[in-house]
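Hi there,

Here is the structure I promised to pass on. Have a look at it first, and my notes on what turned up follow below.

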Amino acid sequence: MPGSGQTEPDRQGGAEETGLRVFGRIGLLSFGGPAGQIALMHRELVERRGWLSEAEYLRALAFCMLLPGPEAMQLATYAGWRRGGVAGGLVAGGLFVLPGAAVVLLLAALYAAFGHLPAVSALFLGIKAAVVAIVVEALVRVAHRALGGSGQRLIAVAAFVAIFVLSLPYPLVVLAAGLAGALALPRHPALPAPLPANPRLAATLAAGLALWWAPVALAAAAGRSFLADVGLYFSQLAVVTFGGAYAALAYMTQTTVHDFGWLTTAQMLDALGLAETTPGPLILVTEFVAFLAGDGRGGAGLGLAAAAMTLWVTFVPCFLWVFAFAPYIEWIATRPRLGAALSGVGAAVVGVIGTLALWFATHVFFAATVPVTAGPFAMVLPDPASLQPAPALIALGAGWLLLFRRWNLVAVLLLAAFAGGGIAAIG
């Protein structure tokens, strides 16, 4: 029975052993962003193991897309919950996240120690150029999926203008897009489905919220204001991260670079480039950002504490959403207004990723930018005279390999890094 903690015999071995092995392999091999991770889980959980039927898998994916946070990690958590209840969900979700988290932490420490060296900077020139192409490729992919009609396209344009031209906060844009979708976008007819009883809902929510906020409260009580601020900020981000990490990155860049001053623009670009090379959800870039912010204020010890705080407040809510609301998955799938709201949010995500792509291109391809303000408008535009041809050419090559040659993401990043190093050595 789903979520009961009981499992059926696995087709290829003992249930517990195979569960650890399968979810461990998914965690280690989950490169390529959510699309690749979701495809990998489909192959392992539906095609090879038969743990979920095709219809169950698609309903679970739709359910996870309704939730804030990385949908692939939450899908793994749901599959584990179906196999072994809360314990199974914790194992599956944890194994999806922990390998990548360990790699990101190591890369963050190495970057903090050696990122200023000229040779390292040259490699990052190529990586940052490739990141522009990666974000554009994500924009094309998400737009193809999310912009199915004129209403969605209008919401996408409005979201782009709201963030890039008007500098409105990302959470407000997400809420407005969801409301617009629920009110204005087409809805499928409602299907008959009774609301299931869930007597454990209140206890699950109470326990999850207590675990989520406990370290933030402890940091505040101990007078560790920076750690408390990190916990509060990334907790907020965890609630509004709809549409994947690329959408959240635009908001995170705006706040961590421009509002808080935790990182520089160059560090933010490097953070995303390194996060693209690791397994696990791309939202692990928050761990990298937090480590650099803490290291810059108090050394590696504070960086480690900030990274741990960020991991906790980013992923504990993900487990909470699944454990609290998974029993309602069949009912949620029949709610037409929720589906329309999700369509609105998905359309807004296209506009948000568009602002991220433009922001990256502006800061990678041009050495100088010009702030433009007029009434409610506030933009940062490139200085055409400061165009840097080398990263622009690397980005064009990376985009061609990704979009038309379908190269592996990690291979493109490695090639771009070597190209950046080679250009620096020549010139």
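A residue is called buried here when its relative accessible area is under 20%, exposed when that area is over 50%, and partly exposed in between. Please keep in mind that this is a predicted model.

Let me start with the salt bridges, of which there are five. R25, E44, R48 and R49 are linked in a network of them. Within it, E44 and R48 meet through their side chains at 3.2 Å, N to O. These two sit four residues apart in helix α2 (residues 33–48), so about one helical turn separates them. E44 counts as buried because its relative accessible area is 4%, while R48, at 35%, is partly exposed. E44 also forms a salt bridge with R49, with the closest N and O atoms 4.0 Å apart, and both of these residues are buried.

Another salt bridge joins the side chains of E56 and R82 (3.3 Å, N to O). This pair links distant parts of the chain, 26 residues apart: E56 belongs to helix α3 (residues 54–66) and R82 to helix α4 (residues 71–114). At 22% relative accessibility E56 is partly exposed, whereas R82, at 18%, is buried.

Elsewhere, E137 in helix α5 (residues 118–146) is buried too, at 17% relative accessibility. Leaving aside residues up to four places away in sequence, E137 touches L402 and L403.

T373 stands opposite A378 in β2. Two residues lie between the strands, and G375 takes a positive phi near 60°.

Best wishes

Methods:
Residues numbered from 1 in each chain as written. Predicted model: local features only at pLDDT ≥ 70, side-chain atom pairs only at ≥ 80, totals over all residues. Heavy atoms only, no water. Buried < 20%, exposed > 50% of the residue type's maximum accessible area, 1.4 Å probe, protein only. Contact = heavy atoms within 4.5 Å. Pairing = 2+ DSSP bridges.
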